[in-house]
Amino acid sequence: MPTRPSDQEAPEKKLTLFALRLALLEKAASAIGALGFIWATVVLLGGFAITLEKLDFWFVTVILLVEGCRIYSRSRELECQRQSTSISGVARSSSRALVYGSGRLVHMIKALHRPITSNLPYFDRQPKVTSSAPAKRPPDDQPEIKPRTWTTSEVPLLPYAGWVFASKNIAKLLYWFQLAAAVACVVLSLLRLYKQDYGSTGTPEVQNRASALNVFYSLALAEASVFLMEKVYWEWKVSVRKFLEQVNEQCGFGDSGIAWIRRFFYDAYSKCVEGSVFDGLKMDLLTFASELLLSNSVEEQLTGARMLVKFTENDRFSADAFRRIGTSMPAMDRLVEMLSWRNHREQEIRKSAAQIVSKITGKKRNSLRVAGIPGALESISSLLHISNARLSDDGILQKGIVMDEGDHEFYLQGLHILKKLANDHDNCGKIGTTRGLLTNIINSTHAEERMLNFGSPSQIMIVDQSLKLVKKLVATTGGTGEVLRREISKIVYTIGNLRDILKYGNKHNNLQSLAMDILANMALDKGAREKIGRTGGMLNLLFGIFFLEENAVQNVDATQKLSSNAGEALICNISLLESPTLQKLKVQAYFPFEKVSFFWGNMRLAAQVLRFTNASEVHDALAWAGTELSELAAKLVQILQNDPNPSIKVPRMRRFVVELVIRMMQVETQSRELFKKLELEKELKCVLETTSELEFFNVFSGSVGLSPHSTTLHSLVDMAHELLNNVSSHNIAESGW
């Protein structure tokens, strides 16, 4: 049975186990060395110092000095190795040379003579294209901030010695010194143990001298042997078995990840050596990345952000990464803070932080935590920033501004984050109250004719995502929704931008559909409806899309969807049908009843348009649509028969049918006889008996009805009964439904 990804062990557990085993050998060597020092100090140099042979005295002295220097250099070498694997340029360029082994000596010597090319991490350095023109920096960028502290691996330990005595190169010298010291101890100890010429043992004062020397040389040999065994084990795992590369591949870090794995290993190994041997087992790569993210070093912050991006993109680790990051408030705070960093040296950190925040806000709990961080929405709003744009005092974007390609990715990430945050009702309110954020969002809906026809995919994607975000905001329910619709309609470019999309977006039906959905939701606000009505050409565009016929470019489904959305927008703006502008539209002779009858959402629109037609125009329109009045009447009655109870998906279906029936009987008296023959009265009685609360509201928030109709369904059914019975319909025609 295959193992599920979630059941597999974390790859770094192999690293911490490897560090534990190495630490055990290191501590064993240190313990034996300490015992050897005590033995030499107390027994040999203390008890037999005068009686030792000159050769043994110097052998013991040399072994003690060499081992003492080796042990001291071991702790310093470990510290230097950790620093050399830190996120610094030259250390990264020679990281391969740090792999131990005599076969690497040539590579290390070459690395020492390699010029220092950059202070950037090794995995950041890319081939540079030379150019005579100076590099340009965005005008709003801050000047480059020089670090105020030394990079540890670049510290010159001696004056006037340059990079030769830099700490990163000292680590290499210390490593080879340790190997030489260990080999020297093995050779000297074996030589004396083999010869056993410790001098005369005839007197009582020196009868134990030979045994004491054998113990010391054995301890020195054991210590050096354990140390060399540790190095052989390291070489076998790292150089031969490519252990670090295997772990890096399992983590999915790519070529740059080997440096991260090496740094993590040295940190774990140091904890095992310096503290309890089990301390390193408590480390994991996610915690390690979060700690780097919280560092004050730009290079370490970049590494931490890159590691977290890799984890969130990996299906095997993403769930755990989201949980760990989401529950770590320091990490969340730092990620949100990074979104507002605009220095050009920190742009990749900002980009990585935006990717991580965009992913973790997909979970509702995480989105609430992000929105709850002070200043979070202001930081996210900074992503919706155009480098070369000039804004008015109100933050309104000047038209004609072209966004740089470098801004596209930040803009998209910002919109993705906001769109996920907008899934929560409370977050929508916070978005609306954040200064300048709504204006930035509306600015991103700006799409001129040239851009819609010849714009890049990223430009179209920005408009698409911004429209989806605006649609979520204007569809918000309750008092928050009312405030959002009012504030969005106050922005002077909102309706104009939507009009441009309807006018020039023929190649992008999805954008037009989103724009019409926004108009339909905005129409819930009276002020917004008035602004839509007085925006030049808006209603003409909606009617033009509503009556759009299928052609070779647009398939039937796309055309029907656009038409349905346009009908919804017109229905929501139904009060505008009283305006003189609409009455001048000659839609009467171009009204396809056959088409409308299949769109339940447009039936009310059909009923309202019939208010401006007469009987002859109705017959002309039916002839143009290829249908007859009797056929249309039969279909309306059939809809009532097929839907004896209100449907949750289309709760206003029966209401709109009754409205259309009333208008038809008012305009064409002949239809009354048709409806009598079709037994409409029977179906109307069924409607009265099965009327539900679902049919009394225009909008719903979950299971709660909002915006009730001004005329009840019972009143409409009574009107239809009166018309069927040839009762005067003067008052009916004047009703405001």
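The legends below describe close-up views of a predicted model. Residues are numbered from 1 along each chain as its sequence is written, and side-chain values use heavy atoms, with hydrogens and water left out. Because the model is predicted, local features need pLDDT of at least 70 and side-chain atom pairs count only at pLDDT 80 or more, whereas totals for chains, interfaces and linings use all residues.

**View 1. The largest nonpolar core has 114 residues.** A nonpolar core is here a set of buried Ala, Val, Leu, Ile, Met, Phe, Trp, Tyr and Cys residues joined through side-chain atoms within 4.5 Å, where buried means under 20% relative accessible area, exposed over 50% and partly exposed in between (1.4 Å probe, protein chains only). The members that touch the most others are Phe265, Leu285, Leu418, Ile431, Ile441 and Leu473. Helix 8 (residues 257-274) gives the most to this core, with 10 residues; helices are DSSP runs of H or I with at least four residues, numbered from the N terminus. Apart from this core lies another, of 30 residues, which includes Val657, Val658, Leu660 and Val661.

**View 2. Contacts of Leu473.** When residues up to four places away in sequence are not counted, Leu473 touches Ala422, Cys428, Ile431, Leu438, Ile441, Leu484 and Ile488, contact meaning heavy atoms within 4.5 Å.

**View 3. Lys14 in helix 1 (residues 12-47).** Lys14 is partly exposed, with a relative accessible area of 41%. Leaving aside residues up to four places away in sequence, Lys14 touches Phe243 and Gln250. The C-alpha atoms of Lys14 and Phe243 are separated by 9.1 Å, although these residues are 229 residues apart along the chain. The side chains of Lys14 and Gln250 are joined by a polar contact of 3.2 Å (a pair of N or O atoms within 3.5 Å; within protein, one must be able to donate a hydrogen and the other to accept it, and residues adjacent in sequence count only if both atoms are side-chain atoms).

**View 4. Gln196 in the loop between helix 5 (167-195) and helix 6 (209-240).** Phi of Gln196 is near 60 degrees, a positive value in a residue other than glycine. Gln196 is partly exposed, its relative accessible area being 37%.

**View 5. Glu679 in the loop between helix 33 (670-677) and helix 34 (680-689).** Although Glu679 is not a glycine, this residue has a positive phi of about 60 degrees.

Notes
Helix = DSSP H or I, 4+ residues; strand = E, 2+ residues; numbered from the N terminus.
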